[in-house]
Amino acid sequence: MPPNILNRLCRLVYPPRCPYCQRVLTCEESWCPSCRELLGGQDGVRSLPGPLLCAYSFVYKGCPRDAVLRYKFYGRKEYAHAFAVRGQESVQRHLPYASFSVVTCVPLSRARRKERGYNQAELYARELAKLLDAPYEELLRKDCENRIQHSLGRDERSRNVQGVYSPQGAIAGRGILLCDDIVTSGATLRECARVLLENGAKQVCCVVIANAN
Ligand SMILES: [Zn+2]
């Protein structure tokens with residue numbers, strides 16, 4: 001059976017649902033009109049120390065928070081596309097002067113990735129790269145496991161991420177869009193951006209699904 005027919009059949013049996021409220025969607029929609037109305041104004045941009053700009057699509061509470069949790073911990077990998085559609089709008093609206101030629105993400109350690117089966121930031125970054133018509137490349141790796149950031153206080157978070165990320169691939173001279181799922185203190189994004197800039201990146205800016213600050 002041709003893959004597009006199989007795909008259509010699949011959509012009939014398992015119709016796409018809005019990641020935020022779970023209503024059934026049409027094939028063209030990535031979220032429902034009601035969520036668009038309710039949540040469409042939550043996007044914005046944060047200035048993290050560095051300075052580093054970070055665009056976000058949602059505030060990390062209510063339905064968007066539940067959607068991110070299902071995406072991250074309950075295998076709803078298909079949400080990556082819907083999040084990326086919002087991410088593209090956030091980048092265009094809030095980072096209009098960003099100049100980037102490559103999209104990358106905050107990496108997971110090998111052990112954590114194996115445990116979860118996927119890196120939620122990577123799936124989001126890959127979908128976003130397609131929409132922004134830029135290549136996705138892995139420019140960072142995480143060599144060792146540190147303590148989970150959200151279990152720590154603000155001061156501890158900065159110390160906890162220092163030195164855990166290493167550069168890889170072609171970084172020098174490039175403008176880089178760095179993606180993650182959530183920004184809280186910004187310590188992880190700052191540390192990743194520091195490694196990229198120290199290795200010659202021309203510019204780094206960030207985009208995340210939700211702002212938890
Ligand atoms: Zn909805």
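The buried residues of helix 4 (residues 79-94) pack against strand 2 (52-59), helix 3 (62-73), helix 6 (120-132) and strand 7, where two residues are taken to be in contact if their C-beta atoms, placed from the backbone, lie within 7 Å. The model is a predicted one, in which local features need pLDDT of at least 70 and side-chain atom pairs count only at pLDDT 80 or more, whereas totals for chains, interfaces and linings use all residues. Residues are numbered from 1 along each chain as its sequence is written. Helices (H or I, at least four residues) and strands (E, at least two) are DSSP runs, numbered from the N terminus.

The buried set of helix 4 consists of Tyr79, Ala80, Ala82, Phe83, Ala84, Arg86, Gly87, Ser90 and Val91; a residue is called buried if 20 or more other C-beta atoms lie within 10 Å of its own, exposed if 12 or fewer, and partly exposed in between, with C-beta atoms placed from the backbone. An α-helix has 3.6 residues a turn, so residues three or four places apart point the same way. With its 16 residues, helix 4 reaches 22 Å from its first C-alpha to its last, close to the 22 Å expected at 1.5 Å a residue, the expected span being 1.5 Å times one less than the number of residues.

The strands form an open sheet of 5 strands in the order 1-2-7-6-3, with mixed pairing, two strands being counted as paired if DSSP finds at least two bridges between them. Strand 1 (44-48) and strand 3 are the edge strands, each pairing on one side only.

Within this sheet, strand 6 (residues 175-183) is mostly covered, with 8 of its 9 residues buried. Strand 6 pairs in the parallel sense with strand 3 (residues 102-105) over 4 bridges, and Val102 stands opposite Ile176, while Val103 has Leu177 as its bridge partner. Strand 6 is also joined to strand 7 (residues 203-211) by 8 bridges, again in parallel, and there Leu177 stands opposite Cys205. From strand 6 the chain crosses through helix 8 (residues 187-198) to strand 7 in a right-handed β-α-β crossover, that is, with the strands pointing away from the viewer, the path from the first strand over the helix to the second runs clockwise.

Thr26 counts as exposed because it has 9 C-beta neighbours inside 10 Å.
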